[in-house]
Amino acid sequence: MSEQPQPAVETVLRIPGKWSGPEELFSRLPDDVRIEGRNLVLPDGVEIECSPMPRDDQFAEVFRGSCRSPASPHELAIVDEYSVNVCLSGPGGSLDAARTIMQAGAAILQAGAGGVFIDNSGLSHGASAWLEMTEASDADALSYAFVGIICGRTEVWTMGMHILGKPDLTMPRADADADQDTIIETLRYVCAGEKPIDDGHILADEHGPRYQIRTAPADQFNSDSPMHNPFGRLKLISCRSIAEQN
């Protein structure tokens with residue numbers, strides 16, 4: 001039986017900096033990284049599409065409101081006063097692809113940018129945090145960098161798992177409030193595991209079964225949105241709730 005083709009995912013980063021012009025940006029890149037035409041060329045020869053975008057009046061505020069952990073005053077000052085947003089676009093849908101575009105983002109940061117905003121998950125990170133995650137480059141660092149956790153009134157869900165080639169996760173808000181580490185632990189388990197989890201999978205610990213995985217409805221984004229996850233969504237259902245219903 002032939003393997004099913006993987007869904008196409010494009011990862012998009014926006015990286016603001018205070019450069020006087022392209023020449024300053026090019027001159028401050030690491031020695032083994034270069035720009036050729038519209039591509040950033042990494043040391044291993046991989047090319048990532050690189051497009052400069054002009055300043056707008058909303059981005060700095062969006063960046064500040066989306067930081068997963070506090071950026072430094074210096075990093076925020078660069079974001080507030082940025083002159084150019086470098087947009088990097090590259091293939092996603094796997095841990096290796098995520099590492100590649102993370103390295104591309106790090107190269108622009110080393111040229112003096114203030115941080116990274118991810119279109120696919122709405123997360124931002126200061127430059128120093130991104131460089132630390134790039135150095136680690138393991139599944140935990142990648143999931144922390146690219147995947148957001150959103151708390152709604154009735155549900156909690158992840159956004160950005162498709163960058164890593166995984167389905168997003170959702171669970172009832174009441175269960176998440178009662179067991180706050182569950183969705184984070186499951187996210188890390190999914191990202192680190194070689195075997196995928198799908199409908200019917202049981203999550204257990206030393207005390208026995210805790211949650212059952214069920215297929216959830218697709219996200220609300222159009223298929224051409226960078227936030228749309230073509231790998232779908234999975235819902236964590238408490239085994240206790242299932243037992244009570246039976």
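Predicted model: local features only at pLDDT ≥ 70, side-chain atom pairs only at ≥ 80, totals over all residues.
1. Glycine 115 is buried, its relative accessible area being 0%; the term buried stands for under 20% relative accessible area, exposed for over 50%, and partly exposed for what lies in between, with a 1.4 Å probe and protein chains only. This glycine belongs to strand 6. Helices (H or I, at least four residues) and strands (E, at least two) are DSSP runs, numbered from the N terminus. Between the C-alpha atoms of glycine 115 and arginine 28, which are 87 residues apart along the chain, the separation is 16 Å.

2. Residues are numbered from 1 along each chain as its sequence is written, and side-chain values use heavy atoms, with hydrogens and water left out.

3. Strand 6 covers residues 115-118; Gly115 and Phe117 point one way from it, Val116 and Ile118 point the other way, and all are buried. Strand 1 (residues 10-17) pairs with strand 6 in the antiparallel sense over 2 bridges, where pairing requires that DSSP finds at least two bridges between two strands. Opposite isoleucine 118 of strand 6 stands leucine 13.

4. Strand 6 is also joined to strand 7 (residues 123-126) by 4 bridges, and the two run antiparallel. Serine 124 in strand 7 is the bridge partner of phenylalanine 117.

5. The structure contains 4 aromatic pairs. Rings of Phe, Tyr and Trp (its six-membered ring) pair if their centres lie within 6.5 Å; planes under 30 degrees apart count as stacked, over 60 as edge-to-face and the rest as tilted. One of the pairs, phenylalanine 59 with tyrosine 82, is edge-to-face, at 5.5 Å centre to centre and 70 degrees between the planes. The pair links distant parts of the chain, 23 residues apart: phenylalanine 59 is in helix 2 (residues 59-65), and tyrosine 82 is in the loop between helix 3 (73-80) and strand 5. Both phenylalanine 59 and tyrosine 82 are buried.

6. Another edge-to-face pair is made by tryptophan 130 and phenylalanine 146, with 5.6 Å centre to centre and 80 degrees between the planes. Tryptophan 130 lies in helix 5 (residues 127-136) and phenylalanine 146 in helix 6 (residues 139-146), so this pair ties together parts that are 16 residues apart in sequence. Tryptophan 130 and phenylalanine 146 are both buried.

7. Two further ring contacts deserve mention. Phe59, Phe63, Tyr82 and Phe117 are linked by ring pairs into a cluster. The charged end of arginine 68 sits over the ring of tyrosine 144, 4.5 Å from its centre; the criterion is NZ of Lys or CZ of Arg within 6 Å of the ring centre and within 35 degrees of the ring normal.

8. Some loop residues are also buried. Serine 137, in the loop between helix 5 and helix 6, has a relative accessible area of 15% and is buried. Its phi is near 60 degrees, a positive value in a residue other than glycine. Leucine 42 lies in the loop between strand 3 (39-41) and strand 4 and, at 3% relative accessibility, counts as buried. Leucine 42 and alanine 104 are 62 residues apart in sequence and 6.9 Å apart in space, C-alpha to C-alpha.

9. The largest pocket has a volume of about 320 Å³. Of its 13 lining residues, the closest to the centre are Gly165, Lys166, Pro167, Pro196 and Phe231. On a 1 Å grid over the protein atoms alone, a pocket is an open set of points where a 1.4 Å probe fits, with protein on both sides within 12 Å along at least five of seven lines, and lining residues have an atom within 4 Å of a point. A volume is the space filled by probe spheres set on the points, which are joined across faces, edges and corners.

10. The second largest pocket has a volume of about 210 Å³. Among the 13 residues lining this second pocket, Pro22, Leu25, Phe26, Pro52 and Val84 are the closest to its centre. Helix 1 (22-28), strand 4 (47-54) and strand 5 (84-91) each supply at least two residues of the lining.
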